[in-house]
There are 4 protein chains.
Amino acid sequence: MKMLRRKGIFSILLVLFGLTSILAQSRQEIRIPDILGYRTLKCDFHMHTVFSDGEVWPTIRVQEAWREGLDVIAITDHIEYRPHSSDMDADLNRSYDIAKPLADQLGIVLIRGVEITRNMPPGHLNAIFVKNANLLEREDWWEACVEAKEQGAFVFWNHPGWKVQQPEETVWWPEHTRLLNAGILKGIEIYNHREFYPEALQWAQEKNLVILGNSDIHEPISQEYDAPQKRPLTLVFSLDKTENGIKSALLDNRTAVLFNDTLIGERRFLTPIFISSIQLKSKKLNLQNQDIKYLQVYNNSDIPFKLEQRQPSVGFSCPKVIVLPPNRTVSIELTGTSDEVAQMPVLKMFYEATNLITKRGEKLPVNIDVPNK
Amino acid sequence: MKMLRRKGIFSILLVLFGLTSILAQSRQEIRIPDILGYRTLKCDFHMHTVFSDGEVWPTIRVQEAWREGLDVIAITDHIEYRPHSSDMDADLNRSYDIAKPLADQLGIVLIRGVEITRNMPPGHLNAIFVKNANLLEREDWWEACVEAKEQGAFVFWNHPGWKVQQPEETVWWPEHTRLLNAGILKGIEIYNHREFYPEALQWAQEKNLVILGNSDIHEPISQEYDAPQKRPLTLVFSLDKTENGIKSALLDNRTAVLFNDTLIGERRFLTPIFISSIQLKSKKLNLQNQDIKYLQVYNNSDIPFKLEQRQPSVGFSCPKVIVLPPNRTVSIELTGTSDEVAQMPVLKMFYEATNLITKRGEKLPVNIDVPNK
Amino acid sequence: MKMLRRKGIFSILLVLFGLTSILAQSRQEIRIPDILGYRTLKCDFHMHTVFSDGEVWPTIRVQEAWREGLDVIAITDHIEYRPHSSDMDADLNRSYDIAKPLADQLGIVLIRGVEITRNMPPGHLNAIFVKNANLLEREDWWEACVEAKEQGAFVFWNHPGWKVQQPEETVWWPEHTRLLNAGILKGIEIYNHREFYPEALQWAQEKNLVILGNSDIHEPISQEYDAPQKRPLTLVFSLDKTENGIKSALLDNRTAVLFNDTLIGERRFLTPIFISSIQLKSKKLNLQNQDIKYLQVYNNSDIPFKLEQRQPSVGFSCPKVIVLPPNRTVSIELTGTSDEVAQMPVLKMFYEATNLITKRGEKLPVNIDVPNK
Amino acid sequence: MKMLRRKGIFSILLVLFGLTSILAQSRQEIRIPDILGYRTLKCDFHMHTVFSDGEVWPTIRVQEAWREGLDVIAITDHIEYRPHSSDMDADLNRSYDIAKPLADQLGIVLIRGVEITRNMPPGHLNAIFVKNANLLEREDWWEACVEAKEQGAFVFWNHPGWKVQQPEETVWWPEHTRLLNAGILKGIEIYNHREFYPEALQWAQEKNLVILGNSDIHEPISQEYDAPQKRPLTLVFSLDKTENGIKSALLDNRTAVLFNDTLIGERRFLTPIFISSIQLKSKKLNLQNQDIKYLQVYNNSDIPFKLEQRQPSVGFSCPKVIVLPPNRTVSIELTGTSDEVAQMPVLKMFYEATNLITKRGEKLPVNIDVPNK
């Protein structure tokens, strides 16, 4: 019975009624600390609507993003694959245009995008920050990419390890080299929907590509991820929450990727995220030899941290494995093993965070310094 | 990256990939017992898609129904209110036609319907079991209704107490009398989305209208109801799970309405639902005077039962209020209060179920007979 | 197979094993802001163990408190009611002494207490901060109370409206006046377990008694409250988290009571809690006449706020009711209703928080000032 | 304020008040089908109370069992390890005697037991169905075991792979052979608390020992297992829910062990549990070559089933992996791959259930026969 707005028949009151109902819902913020003077924006740069092969109206993508605590999204309907087109009569800019007013109301930054959808190579490419999506509909994929560049778009390679296009192995093609050399290809998805591509992470580091993790969602988001807020995210470390700020951050390679409680990114970002997330809640321990003391550590973020000891501590022993669940405090047992420990002003603990990945196969080393004396 | 099916470009493998992903999800059955030789079908006869003012593609309505344990749905897009029409070029049968193949695959009975959408009177009317929805698009609402009747449709009045159309009071109009007398109007929603209309329940009983409770959902269903399976339902007591069986059941007034843990319907249906749902798990109690025994009652359905004592028992006392949560066993304390109790073969307890409503203001009386000796 | 510590038989390793297992669990912090330079301590001053009529070992009370984010507890076993005494051979200080080492490890402030357990009048009284509980075991209740005072205890009246002791009405007895006049009775439970006593709130204000809300838990806490952290709490606004700080705060009447999402306390505490909990997330609205803008409000605490408009705003309209769920952001619709609104630097909204109670029957007025221009 | 029962001071009403409060809670039944004419009883034969090194009063064990849907428990306090004994003055029968009346009220079968607690060998042994626990307190462990046998006890070896007692490897000692040969040792825990012992499973099969899985719980049960009902269970297939029936079932080796969604037991029990749990909800498929049909399978139990294809089907293909979540229906895609399939009356699918274990390293083969024509 909602949103009946036809003039003459339905009163203006209905407009309000409809919108109120949409907005009278709540948003769950995602707790990840801002770092290094940047805001940590939660972004998803890849999603579809009924205007390509998705199954929701564009405004739903904005509502979902707002509810799940996102700051930024790009709707990226396929250019070349629009299975609903016999029922729908709209151009490639339409899904953005429909969603934009609600995004403005709700404070979501909506970025105009499209998915250039070709067989491999070059496979599927997202172009975001385009100005007129229609101009990217070209017979020749290279021309589409050049047009994207001319519009100032940021172009990235989607799901490079998708089995449908690369069933045997995940390969970098000459076409990608050509795109890279032409200054068109700037980024690469290392995570898409439910898949991780370790090769893509390695290429990103070798070729200086920006890493992204996106949902590529087609259905209502709640049908695909078990818990709310469990879609993959691209974290963008941006000076502000504006389209320009986000674009600058991407061009400056300031991203990290979060999925399934794993965070991937450069050490310069991951270390401050860890440090800003945890908080020691105990006073000076005054640990003695043969003594046991308990260190309380609070993880104030929505990311769990799984720590494994990478080298023993001097003067005391501590657990080989520590799990710091999100928004929880954990009590950690330290045992004095030498007489010197009583004199140490700080107890040094050496771990690596097994769910914080800095390179293919490399985990973030983290140290915890505990005030002792 | 889903469902890329264009011939020549994408391989047939993709078709399978896409469908598997849709179907590789699970359905939660709703536990409400079959009664009186009928199947208790869980139905929602009122919902929208992008083809009127809804926000999802028609197949999503089928997926949602399947996941939430429904047996039957009708998609009922507005005839006269199609705000997306400038983007969409499709007739009134289209949303049904798109959804039907998936409904068949998943075993959901999909009924073709439309919503005749007018100012009050007569307000909004659903016509379900229509054959060609396009023929109901008429300038004159009466002609649309006559056409519906000629197509064999079952017509019911939607959200009769909707404040937008009847802000002051919920009134029955001469136009409804005319529809009733012409044998067109057969049913009435007593519950819509999140609203209950007690007047409609009373009219249903006075005028022999079939009661219905529907979601009238426009968004993805998970955005509107806090828990899965919490949408309102029309229960239809049908000989089989076929379109004909359901239509016969409606014409024979075999429905009940479930919403927010309240069940409304005739005593002939509610009593057997209660009786088939509960199960005494204790042996003979052998209750004595001054003695306390515990009766264990298992509620094997998904409907909670809230019982209030309506008259005292003879020979023993029992709680004034009993709550039987769904799928749980509860232990109830009985205390002997006279010497006769030891000789009673059966202990009789007299309650009414405050969430089982048989008429406006009337609760279902329920008796529990406990084997004693 | 846990905690086998007998010397000669079991190795020292077992000690560690047992404790690790206890502590390898996590604590969920309760988010309520610190205010006015005080720390907001979460306290429960009334609970039982197997040493009176409770059903858990004293250490369990500390574990429960730590897990549920509490800062302070008092174990208050009954003096006069010890139904397990035939199985247990321990004095009245024992439950505290057993629990204290674990409390110290986990950073929980454990306060020594007892419950003086008499028929009404005076009913049940808790004495906390006692030094030797055994000395309070007296034939004469008055002598027990005088002894409590001499030990420096803080004495409060428990569950004053308990139906077992006052089945007809909740009455203040001459005995309580005597305790008050003697400077013994300092506080009163306005909430106990699952019961609220509005009379007690009124007496507290008339007689300058400290209000408290406690669980009075006997079973494992998880058996009694549906969700974790849902036990009633006494909030104490204390300069520090020490026994002395807490006692000073109680004597200075710096408490509030939280139960079932209702917070009761003086306006001087509730206003800053509300203000520190919410955060406006929108920029200047620039609201115009006939225009609609959306204000986003983030509630950063674990207390929901339910607001009802107490007087209309000038120049714009806003919702009659606003619910701010905990840890969520809500979008609120404001509509310009006069030309002046465009010139207003600040939009003033006038509500009362229906779940923040300052006196019997009085709700906290709250204002929201929205930057506009 | 609960359970004040002292005569002369507190009225008889209080007794009722206290008990009502305990019992006014609900029990969640565990859905595992009865098989082969037996009842499938859910049992936990190993747990502690404050009378040894546990942390709850004995009645709590009965309440927990009732709430979590168990049918049978044994309280098995340590004989030789009673760290609370300086505070408690009670003999070894006491925990059973305290819990028994509540068990009778709630219909829980409570079995008298003790844990004979020695260094390895023979380690810890549970003796259940003892008549007088005190007589098992002996200097010599062999004498304790002989006494258990003379009382008709069923004796089993607890946590045989416990690292504290066997840090290097899990070994069978001559002492266990002696107990076995003497007809004393009848069973063995293959699962305890959170540990699985594959060696114990193998010994059980080689030596015809009864397998058991128990919680060995010391704390309130909700502190140890994340979800309710997630403690390990011994399933006993018994003619009736009586102490004698259970003992006969144990002596006849009619058990299975359920933990973390893994079920271990003989094929004669696991096959009927699987067959009785699942239900095909589709009609005849009429699958054709090149055609796709969907088979709906409902898992009516609380045990998930994880199936892996063990050999290909003839005439059609089906998924390599199927997961049947508890209480859910799943839709499975079948594709015709030959012309013969259209003539097959039944489509045969060949899987093994990877979470149903029949022997060390052996998974249960399961076949699904789908009506086709």
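Predicted model: local features only at pLDDT ≥ 70, side-chain atom pairs only at ≥ 80, totals over all residues.
An α-helix has 3.6 residues a turn, so residues three or four places apart point the same way.

After α6(C) comes Asn208(C), which has a positive phi, near 60°.

## Strand β19 of chain B and its partners

In chain B, strand β19 (residues 346-359) pairs with strand β12 (residues 262-265) in the parallel sense, over two bridges. Here Ile357(B) of β19(B) is opposite Ile264(B).

Strand β15 (residues 305-311) of chain B runs antiparallel to β19(B), and four bridges join them. Within β19(B), Glu352(B) is opposite Glu308(B).

## The hairpin of β19 and β20

β19(B) is also joined to strand β20 (residues 362-371) of chain B, by ten bridges and in an antiparallel arrangement. Tyr351(B) has Val366(B) in β20(B) as its bridge partner. The two strands form a hairpin with two residues between them, and Gly361(B) in the turn has a positive phi of about 85°.

## Chain A as a whole

Chain A contains eight helices and 20 strands. Its C-alpha atoms fill a box of roughly 85 × 55 × 35 Å along the principal axes. Of its 373 residues, 48% count as buried. Among contacts in chain A with a separation of 6 or more, 65% involve residues 24 or more positions apart.

Definitions and conventions: Residues numbered from 1 in each chain as written. Chains lettered and ligands numbered in written order. Buried ≥ 20, exposed ≤ 12 C-beta atoms within 10 Å, placed from the backbone. Contact = placed C-beta atoms within 7 Å. Pairing = 2+ DSSP bridges.
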